[in-house]
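Here is a structure to read together, by asking what stands behind the words used for its parts. Each answer sets a value beside the definition that it has to meet.

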Amino acid sequence: MSTSTIIISINIFLVVLLAVGIAPILIWWERRVAGFIQDRTGPNRCNIGGIRLGGLIQSLADMLKLFFKEDFLPSHIKYKFFFTLAPILVFFCSFLTFAVIPFANDIIIDGKSYMMQAIPTKLGILWFLAFAGITVYGIILGGYASANKYALLGSIRASAQVVSYEAAMGLSIISMVITYGSIHLNDMVIYQDSLIFGFIPAWGIIIQPIAAIIFIITAFAEANRAPFDIAEGESEIVAGYHTEYSAMRFGLFQVGEYAAMSALSAIIVTILLGGYTIPFIPQDTIQSNIYIVLFIVAIIVPIKAFFLTKWIKRNNNWIDKNDPRSKETKKLVKFFWITSILISSLLILLFIIGLSTNGINILTAIIQITVFLIKFFLVTLFFIWIRWTLLRFRYDQLQMLGWKILLPLSILNIFITSLIVVIKGL
Amino acid sequence: MGIKRIKRDQHSIKDKLYLPAIATGMITTFKHFFKNLKNTSNIKTLQYPEEQPTDITDKYRGVHRLTKREDESIKCVACYMCSTACPADCIDIEAIERTDGQDEKMPKKFSIDLLECIYCGYCVEACPCDAIRMDTGIFSFIGDKREDFIVDKDYLLNNIRSKDFDDK
């Protein structure tokens, strides 16, 4: 296997992990965070041999149930092919969006540079816009092929919403492209690695606040999530476009919804929150001081494990002492301590042995991927947090916001941005 | 007639901008989230099968019981008042002649179908002898098949007043 094959397969693995593997985790997280926000617990009982992982096993059980459920197809549906195609379309478009996300800076191995993307292309933001646009076709197709009034209404709402919000989204992206001077996502991230006035990180959200707000709002509309989830407004139109779906077809819709959410989170992290970069610490600093970084991480990991296990001991308990679930805390504490000590000792071993140039580059990439993942999870938490705070927009309010506020504002923002760019260029 | 213009709320720029209000709401939800994440014991959720409810008062209508006289014989005189009053028609009584000299009649069979019972308490109010009560505090009755839910005279006689209720 050549180096490029290995790097691309690592990236594809990351994409599959973030788009598909993350769905059960996000569903679990959504339910737990919703529970905590509303002062209840959320799922916490399901276990395998006493291991509950704070309720994560519940998601696995739900997935298992969806797999083995009868794949029911209502007899009134004429276009069975399109009915089946719809959830696949929704899922794959969100999945493919991930292909252009840079998880780390271009990695240099034996003097050759490789892109840390699943598809090494420089199309970047155009690829994202193309597939974000197609995602809604899946929803429209699903609603139309269902031959059901509620489903059709849901898909019509979705298409109207996407028509009015995609325009504002595209225009807000244009102003960002003007600022960054590139459509390649990695170039955008490298731009954000610099500092403005010497002390503020030049993140998209700081240098383009209006475009950032518009983009975040339209991203919520694009992902069909609250407060813009009128496509499945269960109080009015049953379940919207997936009324007729059940079993794994519905499961694919649900995974697609979460894949869309995580794809948009990744895009937000990349173009607004500095991607894989750490604020105030540019990549050169990490690479030249790699041993100090190693040492700091080796100290931080056991401290983190200490606080985590302390939190587990306080909060993860079970009243009935005979139940295997009451022994979970001990096992988890042991597991986290062993893992953290292993990681620390590995890092100290590297510290002692020393690293080659390739090793330093790979380690930097790993640090950058970790930073990207931390930012990514915080943004998905933001998505969930918004969902459980805000109410659904009424349909006319939604169109009013899209056409009368966001669109003029984004056009105005393009003017201001171009003006500043031109003046700076003079 | 003069026109009186009423100044409406929510027309300042801050209100029209929406974002400050959204931020306030998000701070509120985050406070709840963080409080509960930091210490899950603050959550009021009852972990049911392990934790039993403590807020059942003596007015709670649970599974029925038949009361006894001081000499441990059944108080019921099989007058059919309860089964007549029962709107769900779930009480089934067969009477026989009483031989212990206390009264004229007593039930040979006294069964209640708990699946049909709506726990309205009319039988308790209809009873002239205070022979049937619903103060056991049993709120959960489990069975494998429908027949398990038809409880007979022995079961009802063995039920006692809930120990959680303060005796008067």
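Q: In this predicted model, which residues have the most contacts inside the largest nonpolar core, and how many residues does that core have?
A: The largest nonpolar core has 103 residues, and Phe98(A) and Ala259(A) are those with the most contacts inside it. Helix H9 of chain A, residues 247-272, gives the largest share of this core, namely 15 residues.

Q: What makes Phe98(A) a residue that touches others, not counting residues up to four places away in sequence?
A: Two residues are in contact if their C-beta atoms lie within 7 Å. Phe98(A) touches Val15(A), Leu18(A), Ala19(A), Ala118(A), Ala263(A) and Ala266(A), and therefore the C-beta atoms of each of these pairs lie within 7 Å.

Q: Which residues does the second, separate core include?
A: This core has 17 residues, and Leu66(B), Cys76(B), Ile112(B) and Leu156(B) are among them.

Q: Why are strands S2 and S5 of chain B said to stand at the edges?
A: Three strands of chain B form an open sheet in the order S2-S3-S5, with antiparallel pairing. Strand S2 (91-97) and strand S5 (150-151) each have a single partner strand, so one side of each is left without a neighbour in the sheet.

Key. Residues numbered from 1 in each chain as written. Chains lettered and ligands numbered in written order. Predicted model: local features only at pLDDT ≥ 70, side-chain atom pairs only at ≥ 80, totals over all residues. Core = buried A, V, L, I, M, F, W, Y, C linked by C-beta atoms within 7 Å. Buried ≥ 20, exposed ≤ 12 C-beta atoms within 10 Å, placed from the backbone. Helix = DSSP H or I, 4+ residues; strand = E, 2+ residues; numbered from the N terminus. Pairing = 2+ DSSP bridges.
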